[in-house]
Amino acid sequence: SGWSFYPAESNPFPKYPTTFGLTLVTTPITINLSTKPGDTVTFNTYYEIEDALDFIAFSKMLNYTREANQTPYRDMNYVITGNIDMRILAANSYQTPSVEFSGNLAGISETTFIYGLKIVNGHVQESYYSGLFSVLLGNVYNLSFYESEILLNDTESYAGVPLYVGMIAGELRGGTIRNVLMDVTIDLGTMTLGESHIGGIAGKAAGYVRGVYVEGEILGREN
C-alpha cells in the first residue's frame, strides 16, 4: 500500500500512517564478517535499509513505542542492503536517537558504505549525546563511512551536563563494533563545553571493537 503504521510517540496504541517506513524481511540472512568459515552473523528477521530515506526512517523508528507484547524497534535487526549517499538530504536529517540501541545494524557485506552523513547537534537527557546512536548496547557490523561529520553549535545551553560524542555512538556500553572504517570530522563549535568525552568511533567505550580504522580530525575552538 506504500503506507507504514507506527505508534504515536506519546501513546503506544493509536497508530498513524506515514510513507516513511522499512520493510520487515522474515527470511533468515547470514552475513559474512570475514573470509574465515563460520565467522558470520545470522538474523532470522530484519528490517531492510536500502537508501538514504530508509536510513532516516531507521533513526526515527528507534524512538517509537510499541505495544507491550512486541519487541521494541531499538532491539531489532537492521541490514543495509546497498550503499547510501546522504548528500541528497539536508545535513540535519539524521538525528541522534533518544533511546539506547540494543539491536543489530549491519552492512550486507564488508564493502557497504554510507557517504556524507552529517549530524548536527545531539540529544540531551541527563547527558548530551551525539552520534549514530546515543548509547550503543547492541552491535554494528560491516560499515564504511566517508566524509562524515558531526557539528555542535548548541552546547552552551548544556554546559552543566557531560558530553559524549562519537560517530557510531556517544557511548559504547558493552556492545560490539566490528568491520567499521571511519572518515569523520567532529566540529565542537565555539560554544562552552562541559565535561567532554569525544572520539571518532565513540566518545566513551566499554565493549568489543575489532577491525576498526578511523581517520579524520576533531576541531575545538575557544571563544
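Biologist: What does the secondary structure of the chain come to?

Modeller: The protein chain has 1 helix and 19 strands. Bear in mind that this is a predicted model.

Biologist: What percentage of the residues is buried?

Modeller: Of the 223 residues in the protein chain, 47% are buried. The accessible surface of the chain comes to about 10500 Å², and 46% of that surface belongs to carbon and sulfur atoms.

Biologist: And the contacts, how many join residues at least 24 apart?

Modeller: If you take contacts between residues at least 6 apart in sequence, 77% join residues at least 24 apart.

Biologist: Asn142, buried or exposed?

Modeller: Asn142 counts as buried because its relative accessibility is 0%, and the cut-off for buried is under 20%.

Biologist: What about Asn179, what is its phi?

Modeller: The phi of Asn179 is positive too, at about 60°, and Asn179 is not a glycine either. Asn179 belongs to strand E17, residues 169-187. With 14% relative accessibility, Asn179 therefore counts as buried.

Biologist: What joins the side chains of Asn179 and Asn142?

Modeller: A polar contact of 2.9 Å.

Biologist: Which other residues does Asn179 touch, beyond its sequence neighbours?

Modeller: Setting aside neighbours within four places in sequence, the contacts of Asn179 include Leu33, Glu110, Tyr141, Leu143 and Arg210, along with Asn142. Gly211 is another of them. Asn179 and Gly211 are 32 residues apart in sequence, with their C-alpha atoms 4.7 Å apart in space.

Biologist: Arg178 then. Where does it lie?

Modeller: Arg178 is in strand E17 as well. Arg178 counts as buried because its relative accessibility is 8%.

Biologist: Which side chain does the side chain of Arg178 make a polar contact with?

Modeller: That of Asp39, at 2.5 Å. Beyond four places in sequence, Arg178 is also in contact with Leu33, Ser34, Val140, Tyr141, Asn142 and Arg210.

Biologist: Changing topic: strand E5. Which residues are on the covered face?

Modeller: Val41 and Phe43 form the covered face of E5, residues 40-43. Thr40 and Thr42 make up the uncovered face. In a regular strand the side chains alternate between the two faces of the sheet.

Biologist: In what sense do E4 and E5 pair, parallel or antiparallel?

Modeller: Strand E4, residues 29-32, pairs with E5 in the antiparallel sense, over 4 bridges. Opposite Thr42 in E5 stands Thr30.

Biologist: Last topic, pockets. How much space lies in the largest pocket?

Modeller: The largest pocket holds about 250 Å³ of space. Its lining is made of 17 residues.

Biologist: Which of them lie nearest the centre?

Modeller: Asn63, Ser93, Gln95, Thr96 and Pro97 lie nearest the centre of the largest pocket.

Biologist: And which elements supply at least two residues of the lining each?

Modeller: Helix H1, residues 52-61, and strand E11, residues 118-120. The largest share of the pocket lining comes from H1, with 3 residues.

Technical notes: Residues numbered from 1 in each chain as written. Predicted model: local features only at pLDDT ≥ 70, side-chain atom pairs only at ≥ 80, totals over all residues. Heavy atoms only, no water. Buried < 20%, exposed > 50% of the residue type's maximum accessible area, 1.4 Å probe, protein only. Contact = heavy atoms within 4.5 Å. Polar contact = N/O pair within 3.5 Å; in protein donor to acceptor, adjacent residues only side chain to side chain. Areas by Shrake-Rupley, 256 points an atom, 1.4 Å probe, with all protein chains shown as cover. Pairing = 2+ DSSP bridges. 1 Å grid on protein atoms, 1.4 Å probe; cavity = no way out; pocket = protein on both sides within 12 Å on 5 of 7 lines; lining within 4 Å. Points joined across faces, edges and corners; volume = space filled by probe spheres on them.
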